[in-house]
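Please look over the sequence and the model shown here before reading the report that accompanies them.

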Amino acid sequence: AWQLMWFRSDLRTSDNTALSRAAAKGPVIAVFLRSLPQWQGHGHGANKLSFWGRGVEALRDELRGLNIPLLHRDIDDFDDAPETLLAIARVFDIEALHFNREYPLNECRRDEAVTRAFQHQGIRVHAYTDAVAYEPGELLTEQGDFYSVFTPFSRTWHRQMAPERLALHDTPRPQRNTGISNDPLPPLPRLADIPVGSHQWPAGPEAAADRLERFLHYRAHCYQSQRNFPAVDGTSELSPYLALGMISYRQCMQAVLNHNNGSLGEGDAGLVSWVNELVWREFYQHIVVGFPDVCRHRPFQPDTERLRWRNDPDALQAWREGRTGYPIVDAAMRQLTRTGWMHNRLRMITAMFLSKHLLIDWRHGEAFFLRHLVDGEFAANNGGWQWAASTGTDAAPYFRIFNPTTQSQRFDPEGHFIARFVPELSNIDGKRRHAPTPDLLASVDYPAPIVNHQSARQRALDAFKSLKT
Ligand code: FAD
């Protein structure tokens, strides 16, 4: 009898809870269900889908070294998952199905349906906590509720941390030859957008481990002071790898423990602050389970549903294309569409600009990010957008509206980042690139600001204040 290991967003063989447990029970067959129409329906675009596909290829190569065959099935819809997996169980004598849990609503429903179908056939199903340290629901407030504010969540996360939560799971030893061949991996069909070059985001655990190593060696110790400067390569750029599980959060935490005298919460300021970001990642994973309405396109704070967002297709398009006349916003949006990634500081600035200065529904921004991000991940993206739009957990209070020009002066002081992505402005003195005056723009093909900061800010304040009446 076989153990069936269902890979999803955990594309690695090392420290993979489900794979490790499955292999301990017997010989393993692996399967991947490519669900392109469903994922596109969720809003993922070419960058993420291409990265995902390349990640599955890297996984197949790793599995080959363990003699674990990888079956591959295309399905349109998550609803097809139970029957597709059962069909495999019928062909091979499957004793149990194993997978690591995913938390957004549709993924949870799919897994429940698969579990029911298998149990109905008398086949055991084992679901594991793998992507996070605590299963959502395990960390609760004194009242027994899910946390809706980050700081107390993080405090409890640290307080209850025990070494076994971070212990790495064994990579299975190579099994005997199975005689089952790998399925061919079909190429990605033509999509509306062309993905960025694969050299920008090499997929797989090896590439992820290289990045982690580089981060620890060159960036981690200055992370706290450098992480907000987009012109500096100051962060790990591990987000796409974490989102698809090409590296596990435990591997990241173990690296911190090794470089920080066994501590996650004290010691090297850079490493401690990096751990904090990984806890943010986990916080949002818990939010989607505790407050599943956020998976239904609803704001976390229900009263903000009444907000009168503006319908302004031209402004939305200018934002998407990086033509708002605010150089830092435009540079950021062009970074997103050209590289499939955007620096965190800039995600905050651009998200706030769309939702506050343009007063355009954050859900348009959320969707546009997901379409282009190689690290597009529902929980973090939704959490980030709702934070910026002041509709979410911990949300920025509505009256805290970033001034894009001051943000630019503070976090890109020499204008280097702007020059990289808005080359039209590269001949203007660095310090004047943040808000070029009309005389400087006379000979440059670059738009004047599409909104005035002060009046746009007031318009947003008024819209939010009107919710209180
Ligand atoms: P590092 O600074 O090296 O951080 C390490 C890891 O911690 C990241 O790889 C990521 O997994 C996690 N992390 C860091 N910051 C956050 C955060 N604020 N929230 C949740 N997790 C975090 N992150 C995504 O992974 N996918 C998204 O789709 C996504 N969309 C976002 C949208 C908006 C509007 C905002 C404000 C933030 C979004 N983030 C998202 C969070 C954050 O911007 C990225 O995780 C980060 O920029 C990735 O770069 P890095 O790997 O170098 O991060």
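The structure is a predicted model, in which local features need pLDDT of at least 70 and side-chain atom pairs count only at pLDDT 80 or more, whereas totals for chains, interfaces and linings use all residues. Residues are numbered from 1 along each chain as its sequence is written.

**The nonpolar core**

The largest nonpolar core holds 112 residues, and those with the most contacts inside it are Leu4, Met5, Ala30, Val31 and Ala332. Helix α12, residues 269-290, supplies the largest share of this core, with nine residues. Such a core is a set of buried Ala, Val, Leu, Ile, Met, Phe, Trp, Tyr and Cys residues joined through C-beta atoms within 7 Å. A residue is buried if 20 or more other C-beta atoms lie within 10 Å of its own, exposed if 12 or fewer, and partly exposed in between, with C-beta atoms placed from the backbone. Helices (H or I, at least four residues) and strands (E, at least two) are DSSP runs numbered from the N terminus.

When neighbours within four places in sequence are left aside, Ala30 is in contact with Met5, Phe7, Leu63, Ile68, Pro69, Leu70 and Leu71; contact here requires C-beta atoms, placed from the backbone, to lie within 7 Å.

Two packed helices are described by the angle between their axes and the distance between the axes. The axes are lines fitted to C-alpha atoms, for helices over the stretch in contact, and the angles run from 0 to 180 degrees between N-to-C directions. Angles under 35 degrees count as roughly parallel, over 145 as roughly antiparallel, 65 to 115 as roughly perpendicular and the rest as oblique.

The axes of α15 (residues 344-357) and α17 (residues 378-388) come within 8 Å and cross at roughly 55°, and the two helices are therefore oblique to each other. On the α15 side the contact is made by Arg347, Met348, Ala351, Met352 and Ser355, and on the α17 side by Gly384, Trp385 and Ala388. These residues divide into five nonpolar, two polar and one charged, where Ala, Val, Leu, Ile, Met, Phe, Trp, Tyr, Cys and Pro count as nonpolar, Asp, Glu, Lys and Arg as charged, and the others, Gly among them, as polar.

The axes of α12 and α17 also come within 8 Å, but cross at roughly 95°, which makes α12 roughly perpendicular to α17. Here Arg281, Tyr284, Gln285, Ile287 and Val288 of α12 meet Phe378, Ala379, Ala380 and Gly383 of α17, and by class this contact has six nonpolar, two polar and one charged residues.

**Individual residues**

| Residue | Other C-beta atoms within 10 Å | Class |
|---|---|---|
| Asp10 | 25 C-beta atoms | buried |
| His297 | 11 C-beta atoms | exposed |
| Lys356 | 26 C-beta atoms | buried |

Asp10 is placed in the loop between β1 and α1, and, leaving aside neighbours within four places in sequence, is in contact with Asn16, Asn100, Asp130 and Gly245. Asp15 lies in the loop between β1 (2-7) and α1 (17-25), and its phi is near 45°, a positive value in a residue other than glycine. His297, in the loop between α12 and α13 (313-321), has a positive phi of about 65° although it is not a glycine.

Lys356 belongs to helix α15 and touches Ile401 and Ala460, not counting residues up to four places away in sequence. Lys356 and Arg457 are 101 residues apart in sequence, with their C-alpha atoms 6.8 Å apart in space.

Note on methods
Two residues are in contact if their C-beta atoms, placed from the backbone, lie within 7 Å.
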